[in-house]
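This briefing concerns one structure, which is shown below.

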Amino acid sequence: MTTPTTETPEPTATPEATAAPEATDAAGAADTTTAAPATVAGTGDPGWERERLRRWRLVLGGDAADGTGCVLSGQDAAMDGTLAALYGKGDRAQSGRDRSAGLGASAPSVARWLGDIRTYFPSSVVQVMQRDAIDRLGLSALLLEPEMLEAVEADVHLVGTLLSLNKAMPETTKETARAVVRKVVEGLEKRLAGRTRATLTGALDRSARVSRPRHHDIDWNRTIAANLKHYLPEYRTVVPERLIGYGRAAQSVKKEVILCIDQSGSMAASVVYASVFGAVLASMRSINTRLVVFDTAVVDLTDQLDDPVDVLFGTQLGGGTDINRALAYCQSQITRPAETVIVLISDLYEGGIRNEMLKRVAAMKASGVQFVALLALSDEGAPAYDGEHAAALAALGAPAFACTPDLFPEVMAAAIEKRPLPIPEA
């Protein structure tokens, strides 16, 4: 007779565990020098049991009710301290031992903490913890100090925070802030510029239709579709009497692109990406690019497009929204409607005149303008937006959707070629 084995159940999530969900990811992603998880031969493996308790202890925070009975030491204890400084005090009342005294408003302690999290966690986790620290502990004011900016891990969200603090930033900090922003912008350009130029150059070439194309410029799909009536059944082939092709885009301006960007506070990441894309488009001779930002006022930043950092520091995140006024300005800049693409990047929460806004969009589309409405240009997932206004634009033939930076070149290529936009599934 065999003796039945007993499996140790997984710990059940408790209110203690849900208090710091971010810490779960941080603890799981941490690379520590303590004993690594043993190869799991079964749930009864002592090495695996110890590792599982260690991870739960890092997540739960060591309160009396955590139930792990696990004591941390060495680097694990130091890692737990960095997590506790940020996630140890939530909105709930603490019971038993207080997990942490927090970071407070001490610049030296924050500087040490920023260094610690970069020691214990990978870059992606560091960026999440920095954002949480700014939101949960109100550390925005400390970002006005050059020493703090030099210590943080730069990313798009940090750039958005710095831009929102731009007007309050002392002169001693501005140069450091520009260096941080430039580092992020250069990284984005390196990632996005090459593919954007290649995709749009191809779209410009294909949009320049010619009636007598050279052999390697023939658009075979369109040529076959236009000559199906000349199909010869006995030869099982189509005899094309009319060739359709596309020539190579000349160096003269072929398309006009106007980026119209909502600079309300919720659009911070979109402003950063749009400024980078604006600079890339402006570097292409065949595209005449204009960049306009707005809240309740409209600012044309086209003359600063050679440096996206200047564009970003020319914005003022926050404030109201008047989409109608911004579109009125863009409409006044149109000289060749059939060759113009307007990209409105906004969550569509309109503070201006709604009916006038919709009338302008309808008038621009009727004149031949390609109108693209993006609810967000970022990697942040589904955005909050005004569903009523989005539905109204869709009824005008201008569907509004969120767009990732990687998809944006394809969206622009489709608009330039006047074909259906690659709208992602909801």
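**Surroundings of Thr315**

Thr315 touches Leu163, Asn166, Gln263, Val271, Val293 and Leu301, not counting residues up to four places away in sequence; contact means heavy atoms within 4.5 Å. This is a predicted model, in which local features need pLDDT of at least 70, side-chain atom pairs count only at pLDDT 80 or more, and totals for chains, interfaces and linings use all residues. Residues are numbered from 1 along each chain as its sequence is written, and side-chain values use heavy atoms, with hydrogens and water left out.

- Thr315 is found in the loop between α12 (308-313) and α13 (323-332).
- Thr315 is buried, at a relative accessible area of 1% (buried is under 20%, exposed over 50%, partly exposed in between; 1.4 Å probe, protein chains only).
- A polar atom of the Thr315 side chain lies 2.6 Å from the backbone oxygen of Leu312.

**Nonpolar cores**

- The largest nonpolar core has 80 residues, and Phe121, Met129, Leu162, Val343 and Phe408 have the most contacts inside it; such a core joins buried Ala, Val, Leu, Ile, Met, Phe, Trp, Tyr and Cys residues through side-chain atoms within 4.5 Å.
- Helix α9 (residues 171-207) supplies the largest share of this core, 10 residues.
- A second, separate core of 25 residues includes Ile258, Cys260, Leu344 and Leu393.
- Beyond residues up to four places away in sequence, Phe408 touches Leu259, Phe277, Val343, Leu374, Leu377 and Cys403.

**Surface**

- Trp220 is in helix α10 (residues 220-226) and counts as partly exposed, at 41% relative accessibility.

Definitions and conventions
Helix = DSSP H or I, 4+ residues; strand = E, 2+ residues; numbered from the N terminus. Polar contact = N/O pair within 3.5 Å; in protein donor to acceptor, adjacent residues only side chain to side chain.
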